[in-house]
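Keep the structure open as you read.

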Amino acid sequence: MLNRFSPASIRRISTTARCCSDKNEPDLSDPKTLALHKLYRPERITPSKRGIDLLKQPGLNKGMAFSLHERQYLGIHGLLPPAFMTEEQQAYRIITKLRQQPDNLAKYIQLDSLQDRNEKLYYRVLCDNVKELMPIVYTPTVGQACQHFGFIYRNPKGLYVTINDNSISKIYQILANWHTENVRAIVITDGERILGLGDLGTYGIGIPVGKLALYVALAGIRPEWCLPVILDVGTDNTELLNDPFYTGLRRKRVRGPEYDSLVDNFMKAATKRFGRDTLIQFEDFGNQNAYRLLDRYKGEYCMFNDDIQGTAAVVVAGLLASTRVTKKKLSQEKIVFLGAGGAATGVAEMCVRQMMDEGLTEEEACGRIYMVDIEGLITTSRIKSLGERHVKFAKDLPDTKNLLEVVRTVKPGALIGASTVAGAFTEEIIREMAKNNPRPIIFALSNPTSKAECTAETAYRCTNGAVLFASGSPFENVELNGKLYKPGQGNNAYIFPGVALGAVLFAEMFIRQNLYSVEYDELINKTYEWPAKDSKHGFPVPVLRRTSMDEE
Ligand code: NAI
């Protein structure tokens, strides 16, 4: 068995241990007393790491918070400045310094190196300031970090499995090189669709690292249970292939049977090494693989695809919350999606399930959903070229690539963007939405912020504050005509840590689909008081004590 570097590996030294003689010292010359003494004396356990090695272990290092006794016992006395500092003092020092950084990428780098040095302190700072730091360790800054990963790379985090390691035994060996075998959750990507930034190859490792940081910060999952993994099958991004600092294989992406066998071998090796109930979260896979892999593995392994299933749950919850204001059931709305990839299709399919729960047939529900992809509106004339998931949404309408035209024709109550096309929701389109709906629903879900279909400011301004808005990456509050509008965030971060916690705690073998369909109605009614007409705020106010990350 490999060394376990968890804090628990240094067991507490018994305070009752006798290190100097006292009056009750037993008479050890008596062999019987000596034997009993040997049996019952408190054990001294040698820690697995001591001295400078201990300080270099981020999972064990406490920085200046080691007490004098610990410093002496662990062989680090004199290796640290003589002053003592509590974890709180150190956390204060870190956050103060962080706030002085010139930009978000600098903050990311500072936090990243803190995680390399002192994991406990990193999570202390993150948990205490989760609202402030989530946009740093997660979208949007993590996108910037991935783009510049070659430059900011310092220490490895996570495992790299390449197409050259394509056998169960080779991958098993790599997994066995990880410092613990007690892994309960893996986040894996192949780097092909990193946020809305496209193919970033191995630079995409920042995504599993950031997601797992939220496993710990938002769900309280132990850091040593988490493993970020990147599958390196090459990249089709020529800029990266020519980048001297690129960290991955310099070759075009492998696709087809060889790719599939790598993923297959990884799934087998991971479950062989860590157990069948180890959760595997698929993240930021390209369009042609995301659904395929989900369909292939969902009944076989404990896995889920966050972009498809997580996003769907959060966005449908957001739509149901909006119906409280619009006073219309979801099944009475027409919804237009810009984008028909993993995220949008997952949401559309969950909307269909919700509408069917409300009494529509599948055909009627699909009829209320309009999808526009890079080729334009999904229409019956495109049926031959459509994937099976999209056929049911095809409409008998003229082909068009013009979103404004679609909005004018359909007059939807909700417009949802998961297209990666920044600014695709033009002022004209947003005004058209406001013309047709007293409270239009507009969700600009594409990440990072630079890819959002519209900004919060544009959405509120063009609808005179009437819009029910959410975005994938956070936007600042908007002040308009003396009112404060707080944009919602529609991001799967609101669900994946919870799904992971449930899977890890209950050692689930499979992630059941109905996990994602909670009783929104009851939950929403109990949790929020909806703003009265004259409310100063444009957003619902929670009535229960909040324990989540977005306190008002
Ligand atoms: P994807 O690559 O599977 O799909 C992209 C879709 O956009 C495709 O259907 C494509 O045809 C369409 N598209 C591209 N250019 C277009 C154009 N000019 N006009 C119309 N459609 C166009 O990607 P996926 O996984 O669906 O993600 C899309 C975006 O959604 C990304 O920016 C991602 O960051 C974001 N996303 C947000 C989440 C959240 O929690 N807020 C979760 C998952 C994804």
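The lining of the second largest cavity is made up of 7 nonpolar residues, 2 polar ones and 1 charged one. Keep in mind that this is a predicted model. Here's how the cavities and the ligand site look.

**The second largest cavity**
- Its volume is about 80 Å³.
- Among the residues lining this cavity are Tyr108, Leu111, Asp112, Tyr122 and Val209.
- Two or more lining residues come from each of H5, helix H7 (130–137) and H11.
- H5 gives the largest share, with 4 residues.

**The largest cavity**
- This one has a volume of about 120 Å³.
- Its lining includes Tyr108, Asp112, Phe149, Arg154 and Val209, and by class it has 7 nonpolar, 2 polar and 3 charged residues.
- In total, the count is 3 cavities of 30 Å³ or more.

**Around the ligand**
- The ligand has 26 residues around it, and the closest are Arg193, Ala340, Ala343, Gly490 and Asn492.
- That shell splits into 9 nonpolar, 14 polar and 3 charged residues.
- Domain 2 (115–301) and domain 3 (309–492 + 535–540) each provide at least three residues of the shell.
- A polar backbone atom of alanine 340 is 2.9 Å from an oxygen atom of the ligand, and for a backbone N or O atom of glycine 341 the distance to a ligand oxygen is 3.1 Å.
- On its own, the ligand has 850 Å² of accessible area, and the protein covers 86% of that.

Definitions and conventions. Residues numbered from 1 in each chain as written. Predicted model: local features only at pLDDT ≥ 70, side-chain atom pairs only at ≥ 80, totals over all residues. Heavy atoms only, no water. Near = heavy atom within 4 Å. Polar contact = N/O pair within 3.5 Å; in protein donor to acceptor, adjacent residues only side chain to side chain. Areas by Shrake-Rupley, 256 points an atom, 1.4 Å probe, with all protein chains shown as cover. Nonpolar A, V, L, I, M, F, W, Y, C, P; charged D, E, K, R; others polar. Domains from an automatic or database assignment. 1 Å grid on protein atoms, 1.4 Å probe; cavity = no way out; pocket = protein on both sides within 12 Å on 5 of 7 lines; lining within 4 Å. Points joined across faces, edges and corners; volume = space filled by probe spheres on them.
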